[in-house]
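Hi,

Here is the structure I promised to pass on. Have it open while you read, and my notes follow below.

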There are 2 protein chains.
Amino acid sequence: MKELTPSEKQPAGSLVIVGLGLIGGSIALAARQRRLFKHIVGVGRDAARLQQAQSAGLIDAFSLDETAVVAQARLVVVCTPVSCIADDVVRLAPHLAEEAVITDAGSTKQNICQRIDAALGAGHRFVGSHPLAGSEKSGFEHARADLYEGATCVVTPAAQGVPALTPIISEFWTSLGAQVQIMSAPEHDLALAMTSHLPHLVASALASSVPEKDLSLAATGFADTTRIAAGNPELWTSIFMENSGAMLQAAAEFQHRLETLIAAIRDQQPDRLSALLTAGKRRRDGWNQQSVSQQ
Amino acid sequence: MKELTPSEKQPAGSLVIVGLGLIGGSIALAARQRRLFKHIVGVGRDAARLQQAQSAGLIDAFSLDETAVVAQARLVVVCTPVSCIADDVVRLAPHLAEEAVITDAGSTKQNICQRIDAALGAGHRFVGSHPLAGSEKSGFEHARADLYEGATCVVTPAAQGVPALTPIISEFWTSLGAQVQIMSAPEHDLALAMTSHLPHLVASALASSVPEKDLSLAATGFADTTRIAAGNPELWTSIFMENSGAMLQAAAEFQHRLETLIAAIRDQQPDRLSALLTAGKRRRDGWNQQSVSQQ
């Protein structure tokens, strides 16, 4: 990432990562392996954990004094829980150096961008990011330098932000190996509600629906469709609440599709049912081909 | 399976498999490997396919003259599509030898048992079976001698059938390595609607809901929850239609659970939402433990 490489003219500048879990830790490892920054600094509330991350070689230094560290940064990436991101950015942004940029890694974007726009006003230096990579595991112990290689990262400019910063953030993610898609925050949120958040809600409803006595008959179909229902309830509650508008829209679309299938069964219309199942199969097969061609 | 072993007193008797696909072919291979019958005979409509199955070593002989072959059988297993099973059993049962038994391998049971009860009346020799094993693949080329090892097989006595035949059919599946559960046909159908058929309907509705343009953002959550939507639409249409009563009941339960989750989002109740997601997670984790302990 050219803009952030230290040069004679610019101070070296550091990469500051706020919140050093799986996501933040993997950014640290990936940036370090690629020598994108002179220093990588971790910021958090738990000195013992940050010390462990430094000992593990993820970061060069850590600090509990976020204001001082952010003032030295070329790039700040906020990797805190999705419900904390807007507050964290609003608190940190006034301390940024003149050329510095701040981004995040949250799973929802509209609420975050709107709150930051409202609090910081025109010309702020935040650009939203959502790298679509992760794991059921959490904690920097599971961080991987290659987590973002080949992953999609959505970059969402905020309405009141500086437009010229969007390509800088895009290049940052590209330099970590990700494939960047730039879209508006509402577009992102609806697309993610459809492809990620709705499947989680449906998986949870499905797991709850099966009576305990019937579980011994459950096989691979149940296993696949409900696997993500085992995810962290607090994490998903935050995501659903942050993205409630798009979630309700996605859920209404799903309910309509399901009701159409149910009606074909109720009305004993096998041809209609078969046509609907064929449409579902085609959509799924189409995704399979897309994802194979991406590999 | 003692009852079916040839002895001095009884004629040897054969195993007759009607419909030689993945399920029927795997029964043939498993029975042959265990030397449970003197002869294994395949019955179907396509002589060329049956000849291939014989050449591949699945069966000892084949015939297009089902009546003659069935008269020589100790056990007939009907492995035709679920919508054909009742008709096939009703047509073949009058030709069975005195001590012979007939069963099936269909995914739904109540409709099949009721139609057979109605057509054959008291004292018929049909017992329902549903081995919970299979694959996305079809055709006897994918048959495996170990398909039923460790699998659950539900055995459902028909109301008008001879009760003493239920243990004979149970022992047959046990001898192929399956773990047998005996339950009533309505119990089976509702449990399978919940654990197998409903997940398929939901996966299909979910796959259809995601707009094509958003597919590039779909990741593992979408992959898992919609995998079974790629199944054969004709096969699943038959299953849903055969099991429509239980399906509608299972779907109503799911719709209610989903609506409860959606209401918690709509009403901005994170604590309630988190409690519901935790309940879904517990049910899923509980199944995980069950299925691990079964291995």
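Before the notes, one definition: helices here are DSSP runs of H or I with at least four residues, numbered from the N terminus. With that in hand, look just past α2(B), where B:Gly57 takes a positive phi of about 85°. The other end of that helix has something to see as well: B:Asp46 caps the N-terminal end of α2 (residues 47–55) of chain B. A side-chain oxygen of B:Asp46 sits 3.1 Å from the backbone nitrogen of B:Ala48. Do keep in mind that this is a predicted model.

Now for the two chains together. Chain B can be laid on chain A by a turn of 180° and a shift of 0.0 Å along the axis, with an RMSD of 0.0 Å. The two copies are thus related as by a two-fold rotation axis. If you want to find that axis on screen, go to B:Thr225: in chain B, its C-alpha is the one nearest the axis, at 1.9 Å. The same surface serves both copies, with 100% of the contact residues of chain B recurring in chain A.

How much area do chain B and chain A bury between them? The figure is about 7300 Å², and 68% of it is on carbon and sulfur atoms. On the chain B side, B:Leu217, B:Arg283 and B:Arg284 lose the most area to chain A, together 10% of what that side buries. The contact takes 78 residues from chain B and 78 residues from chain A.

As for polar pairing across the contact, 21 residue pairs are in polar contact between chain B and chain A, counting pairs with both residues at pLDDT 80 or more. The elements of chain B that give two or more residues to the side touching chain A are β7 (152–157), α7 (185–209), α8 (220–226), α9 (233–242), α10 (244–266) and α11 (270–294). The residues on that side of chain B divide into 44 nonpolar, 21 polar and 13 charged.

Salt bridges next. Side chains of opposite charge can pair when their charged atoms come close. Over all chains, a search of the whole structure finds 28 salt bridges, and the count between chain B and chain A is two. One that pairs the chains is B:Asp224 with A:Arg227, where the closest N and O atoms are 3.5 Å apart.

Within the chains, have a look at A:Lys109 and A:Asp104, whose side chains meet in a salt bridge at 2.9 Å, N to O. Buried or exposed? A:Lys109 counts as buried because its relative accessibility is 0%, and A:Asp104 counts as buried at 0% too. In chain B, B:Asp104 forms a salt bridge with B:Lys109, with the closest N and O atoms 2.9 Å apart. B:Asp104 is buried at 0% relative accessibility, and B:Lys109 is buried with a relative accessible area of 0%.

The pair B:Arg266 and B:Glu259 also forms a salt bridge, at 3.3 Å from N to O. Here B:Arg266 counts as partly exposed, at 45% relative accessibility, and B:Glu259 counts as partly exposed at 30%. Finally, salt bridges that share partners join A:Asp224, A:Arg227, B:Asp224 and B:Arg227 into one network.

Cheers

How values were computed:
Residues are numbered from 1 along each chain as its sequence is written. Chains are lettered from A and ligands numbered from 1 in the order in which they are written. This is a predicted model: local features need pLDDT of at least 70, side-chain atom pairs count only at pLDDT 80 or more; totals for chains, interfaces and linings use all residues. Side-chain values use heavy atoms; hydrogens and water are left out. Contact means heavy atoms within 4.5 Å. Buried area is the accessible area (1.4 Å probe) that two parts lose on being put together, summed over both. A salt bridge is a side-chain nitrogen of Lys or Arg within 4 Å of a carboxyl oxygen of Asp or Glu. A polar contact is a pair of N or O atoms within 3.5 Å; within protein, one must be able to donate a hydrogen and the other to accept it, and residues adjacent in sequence count only if both atoms are side-chain atoms. Ala, Val, Leu, Ile, Met, Phe, Trp, Tyr, Cys and Pro count as nonpolar, Asp, Glu, Lys and Arg as charged, and the others, Gly among them, as polar. Copies are superposed by least squares on the C-alpha atoms of residues with pLDDT of at least 70 in both. Buried means under 20% relative accessible area, exposed over 50%, partly exposed in between (1.4 Å probe, protein chains only).
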